[in-house]
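Please keep the sequence and the model at hand while going through the numbered points.

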Amino acid sequence: MTQSADRADTAQMPKQIPYIIANEGCERFSFYGMRNILTPFLITSLLLSMPESMRAGMAKEVFHTFVIGVYFFPLLGGWLADRFFGKYNTVFWLSLVYCCGHACLAIFEDNRNGFYTGLFLIALGSGGIKPLVASFVGDQFDQTNRKLAQKVFDGFYWIINFGSFFASLLMPIFLKQLGAAIAFGIPGVLMLIATIIFWSGRTKYVYVKPAAKDPHSFLNVVRTALMTDVPGQAKSGFFMAAFGGLLAIGALFLIPKIGIVAALCLALVLVLGFGGMGAWMQLERARGIHPDVAVDGVRSVLRILVVFALVTPFWSLFDQKASTWVLQADLMTKPSWFQSAQMQALNPMLVMLLIPFNNLVLYPLLKRMGIELTALRRMGLGIAFSGLAWIVVGFMQLAIDGGNALQITWQILPYALLTFGEVLVSATGLEFAYSQAPLAMKGVIMSFWNLSVTIGNLWVLLANSSVKSEAVTEQIKTTGMSVTAFQMFFFAGFALLAAFLFALYARSYPMLNNYRQAE
């Protein structure tokens, strides 16, 4: 047995991990506490000046725009951490911004501009730290104890849902009985506690220094690949990227129709998608100008981004449990004391049960049967299960539209299917993203993982914008379904198609091990 293998067998859990886990539990209560009461608050308070028929649609639009911001700002946080301040400093200072955002929600409960400023600050703070806390966990491990990392990532995800469970269960009650100021103030206090806990472990953490400015960075290699002329060869990749840029400019002209946030995100998607395809087509032109390891690193990043792109439909479905599913629950029969938003507590409760069940029972059982659920297989199955969940809610919506009184307990089944899919996709994806990322790009790659959530919510906004068209609405009527039911089946089909394409791509994906070497 080698010395490194021997060290791996006796590896112990890093002592600083509890600080990060405790911080994450409080921060997630903070985030989900405000997130899970946002839609009901908007409908019943902040948007009361709007016509009643428009409130639900506007609340849904505000909610998904906020979520887009939360998962867009990881790009900024990852860049700042990887290039300038390091993960710890970026997390700490953005956490203080996060606290200020919560304060704005509590203070400006009846002022739209002040309230939306609070949402912006929370999106900036929460989004900015989101990829960094997870990758900071990975930094605490090396090659000798990396086998413990997946357990910690599972525990990390478990504590996220521990915080989310109590937030989902209690916050709707606090909103109803104590008012918006206190209901939004409580998450702010939890975020302050999270920041103090994270700061308390500062002397125990492993710090990975920000990477120095690299002439062979990802963007420099991509730029070289796109711009380098080769005699006798067409610049097909360059023209592909340029075409994406033109489409992105065209997307900005959609601002009056779909809004500035959706238009900017669509432009970003077009730049990333066509730019990535163009770089892939001409990447070999960078060899000789940049070292092979840099070129191969860019190739691996582009492969990862394809995986992330195929996961975006899952997030389209998952995040609507806090908007579309809550609005559906409003139409179902339930006890007078029960708030529709409280159904969301099912999701984190099931996650806390499913993670240990999967790791201790399901995966070992399947392995004994000769079935190995690799990370990519889990993620593909998770996308498919989300599609099945939305088929169920679609049929439930048809029943409601037909005048049938459905008990809210019917939502337990789609919640169970969606949550099983979430565990397979999200808990697995955290470790997958970290392990596949080149060492110099951990924060940025985790940011792209979070960007997949932004793009998923972009699909929701685009779908909602399309059904505002009278022509589209009339076409949906020919199916005999309501717009809501039609959208539910549309998103189900969207996810099932993505799961099929994911399975095809995963068959040829080369798995990597990019944990740092032991010191």
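1. In this predicted model, a salt bridge joins the side chains of Lys87 and Asp139, with 2.9 Å from N to O. Lys87 belongs to helix H5 (residues 74-107) and Asp139 to helix H6, so the bridge ties together parts that lie 52 residues apart in sequence. Are these two residues buried or exposed? Lys87 counts as buried because its relative accessibility is 8%, and buried means under 20%. Asp139 is likewise buried, its relative accessible area being 3%.

2. A second salt bridge is formed by the side chains of Arg35 and Asp319, at 2.7 Å from N to O. Here the partners come from distant parts of the chain, 284 residues apart: Arg35 is in helix H2 (residues 17-35), while Asp319 is in the loop between H13 and helix H14 (324-330). Both Arg35 and Asp319 are buried.

3. The pair Glu474 and Lys477 should be read against the two pairs above. The closest N and O atoms of this salt bridge are 3.5 Å apart. Both residues lie in helix H19 (residues 470-477), three residues apart, which is about one turn of the helix. Glu474, at 40% relative accessibility, counts as partly exposed, whereas Lys477, at 54%, counts as exposed.

4. How many salt bridges does the structure hold? There are ten. Some charged residues are joined in a network of salt bridges, namely Glu284, Arg287, Asp292, Asp296 and Arg299.

5. Helix H4 (residues 52-72) and helix H6 (residues 112-139) cross at an angle of about 35°, and their axes are 7 Å apart. On the H4 side, the contact is made by Val62, Phe66, Gly69, Val70 and Tyr71; on the H6 side, by Tyr116, Leu119, Ile122, Ala123, Ser126, Gly127 and Lys130. Sorted by class, the residues of this contact are eight nonpolar, three polar and one charged.

6. Which residues does Phe502 contact, apart from its neighbours within four places in sequence? They are Val307, Leu310, Val311, Leu376, Met379, Gly380 and Ile383.

7. Helix H9 (residues 218-227) has as its buried residues Phe218, Val221, Val222, Thr224, Ala225 and Leu226. Among the elements covering these buried residues are helix H10 (236-252), helix H12 (260-282) and H13.

8. The final point concerns the chain as a whole. It contains 20 helices and zero strands. Of its 519 residues, 55% count as buried. Among contacts with a separation of 6 or more, 83% are between residues 24 or more positions apart. Along the principal axes, the C-alpha atoms fill a box of roughly 65 × 55 × 50 Å. Why can the chain be described as agreeing with a compact globule? For 519 residues, such a globule would have a radius of gyration near 24 Å, and the chain has 23 Å, so the two values agree.

Key: Residues are numbered from 1 along each chain as its sequence is written. This is a predicted model: local features need pLDDT of at least 70, side-chain atom pairs count only at pLDDT 80 or more; totals for chains, interfaces and linings use all residues. Side-chain values use heavy atoms; hydrogens and water are left out. Axes are lines fitted to C-alpha atoms, for helices over the stretch in contact, and angles run from 0 to 180 degrees between N-to-C directions. Helices (H or I, at least four residues) and strands (E, at least two) are DSSP runs, numbered from the N terminus. Contact means heavy atoms within 4.5 Å. Ala, Val, Leu, Ile, Met, Phe, Trp, Tyr, Cys and Pro count as nonpolar, Asp, Glu, Lys and Arg as charged, and the others, Gly among them, as polar. Buried means under 20% relative accessible area, exposed over 50%, partly exposed in between (1.4 Å probe, protein chains only). A salt bridge is a side-chain nitrogen of Lys or Arg within 4 Å of a carboxyl oxygen of Asp or Glu. The radius of gyration is taken over C-alpha atoms; the globule rule is 2.2 Å times the number of residues to the power 0.38.
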